[in-house]
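Please walk through this structure with the sequence at hand.

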Amino acid sequence: MSFNTLGLRPELLRAVADEGYTEPTPVQVQAIPVILKGGDVMAGAQTGTGKTAGFALPILERLMQQPVPEGRRPVRVLVLTPTRELAVQVSESMRVYGKHLPLRSTVVYGGVNINPQTDELRRGVDVIVATPGRLLDHAEQKHVDLSKVQVLVLDEADRMLDMGFIPDVRRIIRLLPKQRQNLLFSATLSTEIRMLAHDFLRQPVMIQVAPQ
Ligand code: AMP
């Protein structure tokens, strides 16, 4: 299996090659085509499986298939993560895979000064990677408008559940359009996670891969 047959544009293939990836991992083989078609996904995949590229690459491809938005960029992709560390990692991956594309992304998390994040948000970004609490602060203070979000990713959903973030996630989801693509990634697919998926996803394609 090669990256070339997955339907990703040359700029993304170049970024992948720059990273030294020669072939897609199992979660990438399964998730990329579904996400490119606009479908919802529920994936049982741990960190280390290549899940981040599994959602970042097709999301970036889909953003590029749309006309460049006029004026200030609306937030079109929202990735929620349980921790600041994961938010930073995912945001760095978005930057690396999108480095040959004219897209903007930013990361917001709590425990640091809010003002630099506010400035970034006000400039307009295509992709936000965020922890739930700080994103809600920004939304409540009208630093960010989430009403144009097309894709929601819940990364490490099981940890979000364990850390008590689901009420915040539900509050954020109420700020999003009803019509959107939803992607849920979780190390485990417990009954609780499946119930959450039932609330948040529409007819998801189920993907489960073994740890790498
Ligand atoms: P993740 O599971 O997204 O945290 O990714 C784990 C690690 O795998 C990261 O360091 C990625 O850079 C790397 N990776 C992702 N996709 C591939 C691939 N297709 N080939 C080799 N390494 C990869």
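Start at Tyr 21. A polar atom of the Tyr 21 side chain sits 2.4 Å from an oxygen atom of the ligand. Thr 52 also reaches a ligand oxygen atom with its side chain, and here the polar atom is 2.6 Å away. Glu 23 takes part through its backbone instead: a polar backbone atom lies 2.9 Å from a nitrogen atom of the ligand. How much of the ligand does the protein bury? On its own, the ligand exposes 500 Å², and 67% of that is buried by the protein. This is a predicted model, so the distances and areas here are computed from predicted coordinates.

Now look at the shell around the ligand. Tyr 21 and Glu 23 belong to it, along with Phe 3, Pro 24, Thr 25 and Gln 28. The run from Thr 47 through Gly 48, Thr 49, Gly 50 and Lys 51 to Thr 52 supplies the other residues of the shell. By class, the shell splits into 3 nonpolar, 7 polar and 2 charged residues.

With a threshold of 30 Å³ or more, the structure holds 1 cavity. The space inside the largest cavity is about 40 Å³. Which residues line the largest cavity? They are Ile 59, Arg 62, Leu 63, Gln 66, Arg 76, Val 77, Gln 150 and Val 151. Helix H3, residues 51-64, gives the largest share of this lining, with 3 residues. The lining divides into 4 nonpolar, 2 polar and 2 charged residues.

Two numbers describe a pair of aromatic rings: the distance of the centres and the angle of the planes. The count of aromatic pairs comes to 2. One of them joins Phe 55 and Phe 185. Their centres are 5.2 Å apart, the planes make an angle of 50°, and the pair is tilted.

Terms used: Residues numbered from 1 in each chain as written. Predicted model: local features only at pLDDT ≥ 70, side-chain atom pairs only at ≥ 80, totals over all residues. Heavy atoms only, no water. Near = heavy atom within 4 Å. Polar contact = N/O pair within 3.5 Å; in protein donor to acceptor, adjacent residues only side chain to side chain. Areas by Shrake-Rupley, 256 points an atom, 1.4 Å probe, with all protein chains shown as cover. Nonpolar A, V, L, I, M, F, W, Y, C, P; charged D, E, K, R; others polar. 1 Å grid on protein atoms, 1.4 Å probe; cavity = no way out; pocket = protein on both sides within 12 Å on 5 of 7 lines; lining within 4 Å. Points joined across faces, edges and corners; volume = space filled by probe spheres on them. Helix = DSSP H or I, 4+ residues; strand = E, 2+ residues; numbered from the N terminus. Phe/Tyr/Trp six-rings, centres within 6.5 Å; stacked < 30°, edge-to-face > 60°.
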